[in-house]
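Work through these exercises with the sequence and model at hand. Try each task before reading its solution.

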Amino acid sequence: MDYTSQNQKDKKQMLESIGVGNIDELFKSIPNHLKAKDLNISGGKTEQELLNYFLNIASKNKKLISFRGAGIYDHFIPSLVGEVVGRSEFWTAYTPYQAEASQGTLQVVFEYQSLICALTGMDTSNASLYDGATAAAEAALLALRVSSKNRILISSGVHPEYIQTVRTYLANSKAKIEIIPLSGNGRLDKKTVDSLIDDNTAVVVIQSPNYFGVVEDMDSLSSAIKSKNSLFVAIVNPLSLGVFKSPREYNADIAVGEGQVLGSSMSAGGATFGFMAVKKSLEWKMPGRIVGQTTDRDGKRGFVLTLQSREQHIRREKATSNICTNASLNALAACVFLSGWGNAGFSNLAETNISKARYAFTKIKSLDGFKAKFENETFFNEFVIETSKNIKKINKVLLKNNILGPLDLSNAGDGFKNCLLFCVTEQRTEAEIDSLVELLAKI
Amino acid sequence: MEKLLNELSSECQPAYGVECDVAINAQVPENLKRSIPLGLPSIAENDLLRHFTNLSRKNYALSTVFYPLGSCTMKYNPLINERIAGNDAFNNVHPYQPIETMQGVLEVMYELEKDLCEVAGMDTFSLQQAAGAHGEFAGLLVIAEYFKSIKQKRRKIIVPDSAHGTNPASAAFAGFEIVPLKSEPDGSVSLDKLKEVLTPEVAAMMLTVPNTLGIFEKSIDEVSKLVHDNGSLLYYDGANLNAVMGIVRPGDMGFDVMHINLHKTFSTPHGGGGPGSGPIGVKSFLEPFLPVPRVEKKKDKYVLNYKKSKSIGKLKAFFGNFPVILKAYAYVKALGGKGLKNVSEQAVLNANYMLAKFKDKVDVPAGDRCMHEFVLSPKTLLKNDIRTIDIAKRLLDYGYYAPTIYFPLIVDEAIMIEPTETESKETLDKFVNVVNKIILEESCQEPQKLKDAPINAPVRRLNEVEAARKPILKWE
Amino acid sequence: MNIPQDLLYTKTHEWVKIEGNKVKVGITDFAQHEITDVVHVELPEIGRDVKKEHPAAVIESVKSAFDIYAPVSGKIIETNNKVLGSPELVNSSPYEKGYLFAIEFSNEKELGDLLKADDYKKLI
């Protein structure tokens, strides 16, 4: 199968029109000594063979009941999401360069931007970025661009892979990155944050709920940041905003996060999308595509890519970012996902996560050998449990029962020896939680 | 005109709901609680389905029309790849699940890396990058780390003026200073000019082969020698790899680092602008600097290696855009080595066939042979204040997506056409006739038709100036 | 093309009006015409030091961005914030309502390098 459609007769005619005898002549400009040998790549499979080949590979992945989160989550995806994202008019289109021929994609992105603004309360959203980690890095870069300062403070409650990504992105810049430690209750202490911000601090990056599941007191942290005239980047779980305070309410300048929870499957951690929304004053400094509403010649509403002079295809080395596209199809999934809940339904979804996680939390912490790490803190759908049992054994036993157990936090820093990060979403049934608890009790 | 979601919103029963089978227990402290309305629409499933289906029909897509976008390689996206990637056994994998329970995922990554090495003549690949530009950025960071490791201060990157905009943007993003290099009229490298800018501070030169005018770089041997004699590295922008698979390999031409766009050459769908995937390939001396984790094979088991002390780190969370990687691998297994070579031959044949039909009628700044794409410059033919943009918009009326226009920057009124290998002769014939008719007949006899275009698209020409001057970026 | 006699000019199409120890700066009628519809303007911060022939502001159209260079060295003491909300003023009134910023110059000699109206006309 090579998906070409010319037959021999066509080919012959085409070569004649060009005025060459054979295809090799078309490659005359390539020096002979550089010409490749036959590629040693197996293939040539028919569609049916391919299907079976990949069914066999797929069978080497194990289907598990997940109590693990840490950045990627098992959430319910409504059928409508699959139906819309599966429409070839969306997935086989390209970046909407010709606006008049791309109104479907453009309106979807406009709706997506509106929904992200509704959720975060921020003024302006872009068309999406690659993922939550790169969105955090782009937010840090944005803050550096608008500030004449070069120090960046990042909470140690930010996902470790996000911190690594920020470090990679800023490796060759003048920025200095410092990590703010968490206090003993698993979240940031206002006084610590306050004492670390100096005159040269461009931006403070805080995640809530943080990597350890704890919801930060963003209000009080924000006042510390604002009193020193630094910018505030909030990394948030969009689903949690059905219950918890939105970035606008605590005066964040830039809100970013991972969009996988809004209708994308886990897929080994990608493809997902990252969202970014900012205050109005920062919109011309934002990276990435932005869609705007306008009118056509007949006065009819339509949509175009706009504020484009920020971008690489115009600004080249002076662009706000090198990013060329977004994660359009995943943003489409988010758009379809966010359209069908209504306010009450979306809050209920968030509340269901909280309720199920609390149900599991209460049961697990009362087991012998297990206790809450941060007893009195508020969490969304993840929490830390400290155990006196052998963690490897716990996860081995769970795996035997087709359960993906909690994440081992032994490597997450000094305070987290013997700690486990559990995640319970709306997908887990009462029965599944009960059987998890039963298995833990027997260890 | 399709309504917006907020205009569709009503008091109806919304499409989705969730039942909680444990008691709702979700009180949170007041200081953490949301107090502003969510502002989400409430719409029934039937209405949502119609809304999004109707929107989809306002797109010109590859599945409905010919999409001759130069440099974008809009080839057919095989349906079997979507079917394979739709399997829950891939979709439900958590990135942090034990590696022995995700061997299928790791096998796909490992094997695709190996096959990409063979296509590209590189020693190893990293699949973590989410797009071509992301790959460029990663490749340039690898170059920066390499020079740091050998304690050389090289802060400059040479970028030809015919390059894609992402090249200079990525280099600046990676902390380099850009040295622009003026190209010859056919987009190729001027060796004299290259010598002038090859100073000891140059870390690398970025090159697209074939270049953005569709011409193979005839002095690639000399370029490679000059760059390497200077102690600099050579970076291959893989945007145009579709022209040369199985014909010539970047690694054999002397390139040290490169990226591939899986969503171009390897047939994975563009998705309206992502998700894509931008693997980077390097020669072995640069392997220690690649992003972590690396997929390795130990005996019969695939493992993830995070312990690479010289690595540039992480470019994004987790491993890469796995579904895209999976679809690309399925494509490679459908074609095999022979099939991939046939792809490039056919792509080049299609482009040259179209070019042959244009060359006596419209100016072709790069001559009358090309690789997989070519650039027309209709400037001298255009009267009545008609410009390339008008031709592009008129093409929409004929049911085609427009080619890439005004790129490369070094060609006036450029129209850049890339047919790809998956279009039939009949499609190409029809398209050429339409373009020639627009340029040679309509633009002279009925210029107003071009100025008014499009009239058959879902909207007429849109006011981009007002959109930018008074931005409306969300529902009002 | 409107090129007022009483102003000075740069090769990069800025106009300069001397007012005591400061100069007002904008772009010429020729420049606004070439740029086409201005959609966005980025102005320097007040108090910023600028160097002659170095970028001080940015003017953007839908498809392009143009650096605007400081015609003389000195300190930015005034910016025309009206063009931020109404960038079209740069097109409709390049010499009046669409001016960009004022510089308190630090080296009077640099004024001698600026072009007279007739010389600028020859250039375009």
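**Exercise 1.** Decide why the radius of gyration of chain B agrees with that of a compact globule.

*Solution.* Start with the 476 residues of chain B. The globule rule is 2.2 Å times the number of residues to the power 0.38, and the radius is taken over C-alpha atoms. Next, take the spans: the C-alpha trace of chain B covers about 75 × 65 × 45 Å along its principal axes.

This model is predicted: local features need pLDDT of at least 70, side-chain atom pairs count only at pLDDT 80 or more, and totals for chains, interfaces and linings use all residues. Residues are numbered from 1 along each chain as its sequence is written, chains are lettered from A and ligands numbered from 1 in the order in which they are written, and side-chain values use heavy atoms, without hydrogens and water.

**Exercise 2.** Find what share of the residues in chain B is buried.

*Solution.* Buried means under 20% relative accessible area (1.4 Å probe, protein chains only). By that cut-off, 69% of the 476 residues in chain B are buried.

**Exercise 3.** Describe how chain A and chain B meet.

*Solution.* Count contacts (heavy atoms within 4.5 Å). They link 188 residues of chain A with 198 residues of chain B. Then take the buried area, the accessible area (1.4 Å probe) that two parts lose on being put together, summed over both. The two chains bury about 16400 Å² between them, with 61% on carbon and sulfur atoms. Of the area that chain A buries against chain B, Tyr3(A), Glu100(A) and Arg316(A) supply 5%, more than any other three residues.

Terms used. Buried < 20%, exposed > 50% of the residue type's maximum accessible area, 1.4 Å probe, protein only.
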